[in-house]
Amino acid sequence: MTASEAPAAAGDAAVKTVLGEERFAAVQQAKLLVVGAGGIGCELLKNLVLTGFRDIEVVDLDTIDVSNLNRQFLFRRAHVDRPKSVVAAEAVKQFRPDAKILSHHGNVKDSQFGLEFVSKFDVVVNALDNLEARRHVNRLCLAAERPLLEAGSTGHLGQVTVIRKGETECFECQAKPSQKVYPFCTIRSTPEKPVHCLTWAKNLFDLCFGPEDESNLLADLAAEMRQFQSQEAVDGEDVGKRIFKNLFEDDIKKQARLEDLWSEARPAPAPLGFEEALTKAERTADAEDKLETQKVPSVAQDAQGFVASVAKMYSERRELIGQSSFSKDDPVSMDFVHCAANLRMQNYRIARLSRWDAQSIAGSIIPAVASTNAIVAGLEVVQLLHVLQSKGKTMRDGRARTVWVRYPEPSRKKILQPSSLQAPNPDCFVCGSRTARVAVKSLVDCKIAAFAKGCIQGQLGAVRPALYANGSCIFDPEYPEPGPDAEEEGLHPEWSLTEWGLGSGSLLQVEDEGQGWSINLVLREEPDLDEQHFPNGFKVEAGAGAGEEAAKDMAEKKRKADAEAAEVNAAKKATLDANTVAVD
Amino acid sequence: MSAITGDQVAVYDRQLRLWGVQAQQRLLNAKVLVWGLEGSNVEACKNLVLAGVALTLRDHRTVTAADVGFNYFLRPEDMGKFRSECASPRVQEMNPLGSVACSCNKPDRENLQDLVKGFDVVIVGLGVLGYDFQLAADVDAACRCQNAGFMLTVAAGELAFFFSDLQEHVMQERSTQGGTEAGTEHKPETFSFPSFSSWLSELPQTASGKTDATFKLIALFASFRNSHKAAPSEAKSFAAHCKEVQCEPKVDGLDSLEQAFSHFFVEPLVHVASVLGGLLTQEVIKAITRKDPPLVNSVCFNAHTGAALVEQIPAAPPAPKKRKVEEEVADLLDD
C-alpha cells in the first residue's frame with residue numbers, strides 16, 4: 001500500500017467498524033445514479049464518496065453561477081460557467097481517488113438517459129430543484145423498477161423520502177400544485193400585480209431579442225418590434241426610445257380608450273412619455289439598512305435603465321440579437337425586464353419594485369443555504385443505507401422513512417421528524433389507475449399539437465407523448481409540426497380534437513415510451529371552463545383529485561388519518577408549495 | 001458596521017434572501033472558534049465559512065490516515081502535520097471573502113478564558129479535549145465569563161450529539177413562514193440555558209429518566225469517565241458500569257453497550273456528521289443573528305431511526321404555580 005492509499009484504507013476501516021461487514025459490502029457494491037449536482041448534489045456526492053460508495057454516475061444540465069458559491073461547496077469562482085456535474089465529480093474524486101465517478105453534462109429528460117440507462121443502476125438518488133425533472137425521474141424509476149431516493153429543500157425546510165414501485169407512494173401519488181399560469185388578458189391588458197408586469201416584460205425581452213416564437217404572449221407585437229429594430233444603421237438608444245414610446249405611451253393611450261375595461265375600482269392606465277418620465281426623479285424613502293439593489297428606483301431611473309439596457313444589447317451583443325432569452329443571472333436581460341416591468345407598473349398604478357424583488361419574482365428564486373442541504377443530503381444517505389438492507393422485504397416493513405426537516409422549532413421534540421412510508425395511492429394517474437379526465441373548453445378550437453404540449457406535457461408531465469384514439473395514432477412526437485412528412489404518416493398536428501373525431505366521452509390513450517408510462521384520458525367538453533384558473537383551456541382531473549367520487553374517497557381517507565398524518569401532510573404541502581416556484 | 005459589498009451580495013444572494021441584510025451583517029462581523037477538527041465540527045467549518053463567518057480552527061493533534069479518510073479538508077500529504085494548519089487554507093479556499101485563522105497549541109487548562117476571549121461562539125469537540133467532560137465544563141465556564149456561546153459535539157458512529165449553552169439568549173426577531181422569507185416580525189424573547197456543569201450534575205437523572213437512549217448513553221459515558229480511562233479497551237468495564245448503576249439503555253441500531261462505547265472512538269460516518277453539523281450550524285447562526293428561537297439545549301441524531309431529538313437537560317424548573325386570588329387574600333388575613 002502506498003502512502004496515498006493509506007487514508008482510503010483507514011477511512012474504509014472506520015466505516016466498516018460502524019456499519020459492519022455486511023452493510024459495508026453492500027455500500028461498496030452499489031451502483032448509484034445521482035441526478036443533480038447543485039445544492040443537495042454537492043453535499044450528497046461528498047457524503048456518498050466518504051461513506052464508501054465507489055461507483056457513481058452523476059447527471060446535471062446546469063453550469064456554475066456566482067450565486068451558487070454560498071452553498072455548492074465543491075465549486076470555486078474559477079469554475080463559474082463550467083458544467084456542475086463535471087466539476088463536482090472532479091472535486092470528490094480528490095477526496096477518494098479510488099472512487100469511480102462518471103459525470104454527464106446533460107438534461108435527465110434527454111432520451112440518452114432513458115429506461116435502458118436507468119436500468120444500469122441499483123438505486124437512483126435525486127438531488128433536484130424542480131418538479132418537472134423530479135416527475136420525470138419518478139416515472140423512469142417506476143418503469144425501470146429501481147428504488148428512488150427523493151429529496152427537496154427550500155430555505156431552512158426540507159424533506160427526504162423513498163419511492164419503490166408498488167410498495168410506497170410515488171412522487172405523484174399526491175397532487176402537486178402546478179406552476180401558476182396567468183390569463184392572457186391579465187398579462188396583455190389588465191395587470192394587477194407586479195408578477196403580471198414581470199411576466200409581460202420577460203415575454204417582451206424574448207420577443208425583441210429571442211428567436212421567433214408563436215407561443216410568446218406578445219407574439220402579435222412581433223412585426224411592430226421588428227420594425228423599430230430593423231431600421232438601417234440602428235442606434236440602440238434610438239431603438240430603446242422608440243420601443244418606449246410605443247409600449248408605455250401610445251399603446252397605453254389606446255388601452256385607456258377601451259372604456260369597458262375601466263371603472264372606479266380599476267382606473268384606466270396612464271400613458272408615460274420618455275421626457276415626462278425623466279422629470280420623475282424622486283425616490284420613495286427606504287429603510288436605511290437596505291442594500292442599494294433593494295431600494296426602489298425613481299421612474300426616471302427606470303426609463304433611463306430601460307433605454308440603456310436596449311442600447312447595451314446593440315452595442316455589446318449585437319450578434320446575439322435573435323437568439324437571446326431572459327435569464328435572471330444575466331444582468332442586461334434582468335435590467336431590461338426590471339425596468340420594463342416597473343414602467344408598466346407605473347402605467348397601471350401598481351407599486352414598483354426594487355431590482356432585488358423583481359429578480360426574486362421573475363427568476364422564481366428560492367432562498368438556499370448550505371446547512372439545510374447538508375442535512376437533507378445526509379438524510380438521503382441514511383435512507384439509502386436502509387434501502388440497501390431491504391432486500392427480500394417490502395420497503396414499508398423496513399427502516400426507511402420519510403423525514404421532515406423542521407425549522408426553527410421541533411415538532412414534539414423532533415427537529416428531524418421521521419414518518420412511515422405511505423402505501424401507493426390506487427387512484428394515482430402515474431403509478432395507480434393511470435386514468436384521468438380532461439375537461440376541454442372547446443374541442444373545435446383545441447389543436448392536437450397544442451393539446452399534447454399544453455396538457456399532456458405541461459400538466460401531466462410527459463416528455464415525448466404519443467396519442468392514440470380508436471386504435472390509431474393521432475399524434476406522434478416525431479412529427480410535432482404540420483407538413484408533408486407528417487402527412488405521409490397520416491398525421492395532422494394542426495387538426496383540432498373535433499377534426500380527429502373526438503367528442504365528450506371519447507377515450508384517448510397516451511404513451512410516453514421514454515418514461516415507460518401510459519395513461520387513458522376521458523375527454524369532456526366544458527364551455528364554461530373558467531379562464532382565470534385554466535387559461536390554457538383545459539382542466540385535468542387526475543389521481544388524488546379525479547372527479548367527485550375520488551374526492552369523496554379522499555375525504556373519507558382524510559377522516560381516518562390520525563393527527564400525525566395530518567400534521568405531516570400540512571408540512572409536506574408547505575414544502576411543496578414552496579417548491580412550486582423552484583422551476584428554474 | 002461596514003456595508004456589504006457588491007461582491008458579497010453576488011455570492012451571498014441566496015442566503016440574503018433567506019435571513020436578510022441585518023442577519024448577514026452580524027454573521028460577517030462574528031468570530032467563531034472551532035476547537036477540534038473532528039466529527040460534526042468539520043461540517044460546521046464548511047457551513048459557517050460559506051455563510052461568511054470568520055473562523056479560527058484550533059487543534060493540537062497531527063493528521064493520521066483515518067483523519068484524511070474522513071475529513072475532506074485534509075490530504076494524504078498532510079499526514080504527520082498539524083490538522084488545523086493543513087485544513088485552514090482549504091477551508092479558506094471555499095470562501096475567499098471569508099477569513100480563516102488557525103492555532104496548533106495545546107489547550108492550557110489554566111488559561112481557558114484567554115483561549116475563548118473575543119469569540120462569539122466556541123464549538124468544541126469532545127475528542128480534542130481527550131474525552132474529558134470536566135474540561136468541557138471548564139471551557140463552558142470560561143465562555144460564560146467571556147460572554148461567548150458554547151457548543152460541545154460528541155459523536156459515536158451512527159449517533160451524534162451536541163450541547164449548547166447560550167446563557168441568557170435574547171431572540172430579537174423571527175423569520176416568517178419557516179424561514180423562507182427575509183421579512184420578520186419583532187418580538188424579543190429570552191431563553192435561559194443551563195451551564196454544562198449543571199448538565200453534568202444531572203447525569204444520574206438523565207441516565208435513568210424518560211429521555212431518549214442516545215442522551216442516556218452519553219450521560220453514562222460522562223459518569224463512567226469520572227473513574228475510568230477513555231479508550232476502546234474499556235468497553236467491558238463500561239458495560240459493567242451501566243449494569244452497576246442499573247441503567248442499560250437500548251439504543252436503536254446498536255447490538256450492545258460495548259459496541260456503543262467503542263463507537264465513541266471512531267469518527268462518525270460523514271453523512272451523520274453532515275446532518276448534525278447542519279443542525280449545529282443553524283444554532284450557531286441563530287446565536288449570532290439573534291433571529292429565531294434556539295434549541296435548548298441538547299440535540300441528538302440517530303441514523304437508524306432518522307430522527308433528531310431536542311431535550312432541555314436539566315429540565316426547566318416548573319413555572320411557579322399561580323395562586324388564586326382568594327388563597328392569597330386568605331394568607332394575608334391569616335397574617
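**Close-up views of a predicted two-chain model**

**View 1. The open sheet of chain A.** In this predicted model, 6 strands of chain A form an open sheet with mixed pairing, in the order S11-S10-S12-S13-S9-S14; helices (H or I, at least four residues) and strands (E, at least two) are DSSP runs numbered from the N terminus, and two strands pair if DSSP finds at least two bridges between them. Strand S11 (472–475) and strand S14 (538–542) of chain A are the edge strands, each pairing on one side only. From one strand to the next the twist averages 35°, where axes are lines fitted to C-alpha atoms, for helices over the stretch in contact, and angles run from 0 to 180 degrees between N-to-C directions. Residues are numbered from 1 along each chain as its sequence is written, and chains are lettered from A and ligands numbered from 1 in the order in which they are written. Because the model is predicted, local features need pLDDT of at least 70 and side-chain atom pairs count only at pLDDT 80 or more, whereas totals for chains, interfaces and linings use all residues.

**View 2. Strand S9(A), strand S14(A) and a crossing helix.** Strand S9 (residues 435–440) of chain A pairs with S14(A) in the antiparallel sense over 5 bridges, and Ala436(A) has Ala542(A) in S14(A) as its bridge partner. Helix H16 (residues 448–459) of chain A lies across S9, strand S10 (466–469), S11, strand S12 (507–512) and S14 of chain A, and runs at about 85° to S11(A); contact here requires C-beta atoms, placed from the backbone, within 7 Å.

**View 3. Strand S10(B) and its two partners.** Strand S9 (residues 298–302) of chain B runs antiparallel to S10(B) and is joined to S10(B) by 5 bridges, with Phe301(B) partnering Ala308(B). The hairpin of S9(B) and S10(B) has 4 residues between the strands, and Gly306(B) takes a positive phi near 80°. Strand S8 (residues 414–419) of chain A is also antiparallel to S10(B), joined by 2 bridges, and Lys414(A) stands opposite Leu309(B).

Definitions and conventions:
Contact = placed C-beta atoms within 7 Å.
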